[in-house]
Amino acid sequence: METRRNDEQACAWRELVDTARRTVTEGLVVGTSGNVSVRVHDTVLVTPTGVPYDRLGPDDLCAVDLDGRPVAGRLRPTSELPMHLAVYRATDATAVVHTHAVHATAVSTLVDELPAVHYMTAALGGPVRVAPYATYGTDELAAHMLHALRDRSGCLLRNHGTVTYGTGLDQAYDRTAQLEWMCRVWLTASSVPGRTPHLLPPEELDRVAAALRGYGQRADRRPTG
């Protein structure tokens, strides 16, 4: 049983490191900013503080329990650990991605909610809220974030960045990339002099949300031909 759990954690750590590196290569963070975590049973694997992601290897696993107590590894976890743990306690998430994406951070300084400029707003549960500013790494910031995430799978953090979660790292990452793209679209459209972006009404977002629930390949679908 212990061997199986260790194997699960090792596999999850490799995926976490790959995802963290992807946030850098795709321009969602700079240097060691931002952080990534994944939950394996009652253990949370999380990127360590102050360590460039390209230097992380299999032996650098950083793990805590749901109360934040270290359970594996010699490196200290990210200073944003309170946000990650708050998400895991309040939702069924198994992965969290936090970035300092440029366009999303810019939008967080301008509005209290990202306008519904694209139908993929529905994929995050509805118009994305902006959590009030609080100092990074604090319980206050984690509380603001949870309020903004109510019935949502992503939010903006004022003057800070983004937080998204999912049932796996792929989903959590896709959501943060989608959020950054929507912020870029809104900033681009709203910058045209004399023009105001057309926004989608709530009833359309509801229709899209229903359609998205059946989107993609069904598990029971078999190849043909």
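Apart from neighbours within four places in sequence, threonine 43 touches Gln9, Val38, Ala63, Val64 and Val71, where contact means heavy atoms within 4.5 Å. This is a predicted model, so to speak with care: local features need pLDDT of at least 70, side-chain atom pairs count only at pLDDT 80 or more, and totals for chains, interfaces and linings use all residues. Numbering runs from 1 along each chain as its sequence is written, and side-chain values use heavy atoms, with hydrogens and water left out.

**Threonine 43**
- Threonine 43 sits in strand S2 (residues 43-46); strands are DSSP runs of E with at least two residues, helices are H or I runs of at least four, and both are numbered from the N terminus.
- Threonine 43 counts as buried because its relative accessibility is 11%; buried means under 20% relative accessible area, exposed over 50%, and partly exposed in between (1.4 Å probe, protein chains only).

**Salt bridges**
- The count is seven salt bridges, taking a side-chain nitrogen of Lys or Arg within 4 Å of a carboxyl oxygen of Asp or Glu.
- Aspartate 112 and arginine 158 pair up at 2.9 Å, N to O. This pair links distant parts of the chain, 46 residues apart: aspartate 112 is in the loop between helix H3 (102-108) and strand S6 (130-131), and arginine 158 is in the loop between S7 and S8.
- Arginine 39 bridges to aspartate 42 at 3.3 Å, N to O, and arginine 39 is partly exposed at 24%.

**Negative patch**
- Glu15, Asp18, Asp170 and Asp174 make up a negative surface patch; patch residues have over 30% relative accessible area and no salt bridge, with like charges joined within 9 Å and nonpolar side chains (Val, Leu, Ile, Met, Phe, Trp, Tyr) within 5 Å.
- Helix H1 (2-25) and helix H5 (169-190) each bring at least two residues to the negative patch.

**Positive phi outside glycine**
- Aspartate 151 has phi near 60°, lies in the loop between helix H4 (139-148) and strand S7 (154-157), and is exposed at 62%.
- Asparagine 159 has phi of about 55°, lies in the loop between S7 and strand S8 (161-166), and is partly exposed at 47%.

Terms used
Accessible areas come from the Shrake-Rupley method with a 1.4 Å probe; for residues, only the protein chains shown count as cover. Lys and Arg count as positive and Asp and Glu as negative; His and the chain ends are not counted. The place of a charge is taken as NZ of Lys, CZ of Arg, CG of Asp or CD of Glu.
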